[in-house]
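Please read them with the structure open.

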Amino acid sequence: MTTITLVQGDITRQSVDAIVNAANSSLLGGGGVDGAIHRRGGPEILADCRRLRASHYGRGLATGRAVATTAGDLDARWVIHTVGPVYSATEDRSELLASCYRESLRVADELGARTVAFPAVSAGIYGWPMDDAARIAVETVRAVPTSAQEVRFVLFDERAHEAFARQVG
Ligand code: AR6
């Protein structure tokens, strides 16, 4: 059984096996949660990302995919980088957002992670409406078979926390 938990706070302060990063396809860092993870996790994470780019993802990590690196100085064993879709009002990209959660949990299972923390992927700079992002996140995690004991959504502000709480019920 997987337990879904909600926390309002900073994902870089969580003590879990794997922290999921809302990255971009370059894997070279950015703003938002990505910037926070690289800042607090230190340069080892970026060094690992550069190695992955050189070996596998020269053209970038595709939207909806996920890949793991060291967690550097974070209180976790791995960071799992996933690339969320940019929100579009005219094209339904929900399946790509669901794929971020599915693929991240698949990678987490491969690693043997028992506790996995997610931010609200795509719901910041990528513009996804929070209620819909929360619905897709919770529905997908509930539907995916995973050996993780706990999936923790770490929401940065009260609005996001409330949106996820409405979905978890
Ligand atoms: N802990 C938890 N949640 C956070 C934190 C944090 N420390 N910081 C921000 N959030 P975003 P995206 C929330 O923009 O929309 C980057 O430049 C934030 O409030 O980080 O997937 C990447 O490199 C929001 O609710 O990710 C990409 O280019 C959620 O995390 C692009 O942004 C996601 O916001 C990805 O955009």
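1. Start with the ligand. Helix H1 gives the largest share of the shell around the ligand, four residues. Helices (H or I, at least four residues) and strands (E, at least two) are DSSP runs, numbered from the N terminus. H1 spans 32–41. Strand S2 (18–23) and H1 each supply at least two residues of this shell.

2. A caution on the source. This is a predicted model: local features need pLDDT of at least 70, side-chain atom pairs count only at pLDDT 80 or more, and totals for chains, interfaces and linings use all residues. Residues are numbered from 1 along each chain as its sequence is written.

3. Which residues come nearest to the ligand? Of the 24 around it, they are Ala 22, Asn 24, Gly 30, Gly 32 and Gly 124. A residue is near a molecule or strand if its C-beta atom, placed from the backbone, lies within 6 Å of it.

4. Now the sheet. It is open, has six strands and mixed pairing, and its order is S1-S6-S5-S2-S4-S3. Strand S1 (3–8) and strand S3 (66–70) are the edges, and each pairs on one side only. Two strands pair if DSSP finds at least two bridges between them.

5. S1 and strand S6 (residues 150–155) run parallel and are joined by six bridges. Thr 3 stands opposite Glu 150 in S6.
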